[in-house]
Amino acid sequence: MPAPLPNVPLTGSLDDPARARDLARMKRLATGLFVLAAAVFLACVLFGGDRTWVGYVRATAEASMVGALADWFAVTALFRHPLGVPIPHTAVIPRKKDQIGTSLGTFVQENFLTRAVVEERLDGVDVPGRLGAFLASPGRAERLAGDAGKALGALTDLIEDDEVQQAVSSFVDRKLRETPAAPGLARVLELAVDGDRHQEVLSAGLSGLAEFLADNRLVFRARLGAASPAWVPDWVDDRVFDRVFELLRGFLAEVGADADHPVRAVYDRRLRAYVHALRTDPDAAARVEQFKAEVLDHPAVRTWSGSLWSTAKNGVVTAAADPDSELRARVVRLIHAGAGLLQTDPTIRELVQRQFRRGAGWAVERFAGDAADLVGTTVARWDTEETSRRIELQVGRDLQWIRVNGTVVGGLAGLVIYTVAQLLS
């Protein structure tokens, strides 16, 4: 059997001094009428004698006392045991508090938290218009962008960087290893060939190679001298080197300047063949995969993948916290654009209205039972005496009128009954 929930005090401003004064005044009025009826009854008994009219007054006062007492008992029994005597079926509210809470939760669930009620209500509400007006109000977008930046900063502070960084690094490494490299490389090369970009790359490479040779002319001459036999004169080495060097530079310049040079045609043909091999030859694809694995295993690449999270997080958080950053400006523009669409675009408005209606209906069906349970358990945890007192404070003034009416109606009923009895006797 589960342990009972501890009582909790009620919160709120239900202790209204004006209500308390009204309740006390009505209690005094109802009690005063009872005392008046009792005084009249005693006067009739002690001093009335046998006069005819005294019987009518006595019967009226007697019935008024009975009606007042009966209604006092009924009203009091709602909130406590009359005179502290534990009479059965009294102190109804304290005794039935938990059942009342459960019934109240069920009532709310069945009559308010239903899909039909919520959807009917939303049909008369311009949800996208109200949302758009809210977002378009002056300064709203800037405040929301700032709040989003603060929330993002607070969220990242709660995250353990080491764990996330390791997870991001592992995720990136796994995805890169799982993704075949050959088809992607083939597509890149294919786009370059189709756009004739590969010839531009060749021209840039030839130009760079020519500059490299010119910058390192003395280095290459020294290497030739070191490799040449000792008996070959230096002037011969110079003549041979200059001739070969100039022929090489001339060839590079010739290929670079001639768009129809045979070398370019061979280069184009071989590159297209390689693209085809990447798509069809398993050995070519395997070599690319092996190269990819070697690159991913390189320490520099592993260091880069390990720093992805911290780099991205620091960049985004810094930009989100800066009111003048491009990120904040983009968020503000996005909010303004969304507000305009919500107010003017029929398609967007219809979509938001429909989805909000559907979402609200789903939420009601999903959480209506939880809301009913919340009402029931909350009421069950309220302090019994305080609950009874506060309910009496809210409705007790009207209930005191029952006592007043019981006194008056009881007296009139007693008068009628006594009169009929006299007429029939």
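## A short walk through a predicted model

Let's start with Thr90, which is buried at a relative accessible area of 1%. Buried here means under 20% relative accessible area, exposed means over 50%, and partly exposed is in between, with a 1.4 Å probe and protein chains only.

Before going on, a word on where this comes from: this is a predicted model, in which local features need pLDDT of at least 70 and side-chain atom pairs count only at pLDDT 80 or more, while totals for chains, interfaces and linings use all residues. Residues are numbered from 1 along each chain as its sequence is written, and side-chain values use heavy atoms, with hydrogens and water left out.

Back to Thr90. Where is Thr90 found? Thr90 belongs to the loop between helix 2 and helix 3. When I say helix, I mean a DSSP run of H or I with at least four residues, numbered from the N terminus. The side chain of Thr90 makes a polar contact with the side chain of His81, at 2.7 Å. A polar contact is a pair of N or O atoms within 3.5 Å; within protein, one must be able to donate a hydrogen and the other to accept it, and residues adjacent in sequence count only if both atoms are side-chain atoms. Leaving aside neighbours within four places in sequence, Thr90 is in contact with several residues, among them Phe73, Ala77, Pro82 and Arg95. Contact means heavy atoms within 4.5 Å.

Leu83 sits between helix 2 (52-79) and helix 3 (92-95). Leu83 is not a glycine, and still has a positive phi of about 60 degrees. His89 is in the loop between helix 2 and helix 3 as well, and His89, also not a glycine, has a positive phi of about 65 degrees. Are these residues buried or exposed? Leu83 is exposed because its relative accessible area is 76%, and His89 counts as exposed at 67%.

Helix 1 covers residues 17-47, which is 31 residues. The expected span of a helix is 1.5 Å times one less than its number of residues, so helix 1 should span 45 Å, and its end C-alpha atoms, 44 Å apart, agree with that. Which residues of helix 1 are buried? They are Leu23, Met26, Ala30, Ala37, Ala38, Phe41 and Cys44. The buried residues of helix 1 pack against helix 2 and helix 19 (384-424). Just after helix 1 comes Gly49, with a positive phi of about 70 degrees.

Leu42, Val45, Leu46 and Phe47 form a nonpolar patch on the surface, with about 440 Å² of accessible area together. Patches are made of residues with over 30% relative accessible area and no salt bridge, where like charges are joined within 9 Å and nonpolar side chains (Val, Leu, Ile, Met, Phe, Trp, Tyr) within 5 Å. The areas come from the Shrake-Rupley method with a 1.4 Å probe, and for residues only the protein chains shown count as cover. Leu42 is found in helix 1, and Leu42 is partly exposed at 49%.

On to charges. Side chains of opposite charge can pair when their charged atoms come close. A salt bridge is a side-chain nitrogen of Lys or Arg within 4 Å of a carboxyl oxygen of Asp or Glu. How many salt bridges does this rule give? The count comes to 22.

In the salt bridge between Glu365 and Arg115, the closest N and O atoms are 2.9 Å apart. Glu365 lies in helix 18 (residues 346-381) and Arg115 in helix 5 (residues 115-123), so the pair ties together parts 250 residues apart in sequence. Glu365 counts as exposed at 53%, whereas Arg115 counts as partly exposed at 26%.

The second salt bridge joins Glu246 and Arg217, with closest N and O atoms 3.4 Å apart. Glu246 lies in helix 12 (residues 234-257) and Arg217 in helix 11 (residues 217-227), so this pair ties together parts 29 residues apart in sequence.

Lys292 is buried at 14%, while Glu289 counts as partly exposed at 24%. Salt bridges that share partners also join Arg115, Glu119, Asp123, Arg357 and Glu365 into one network.

Methods:
Helices (H or I, at least four residues) and strands (E, at least two) are DSSP runs, numbered from the N terminus.
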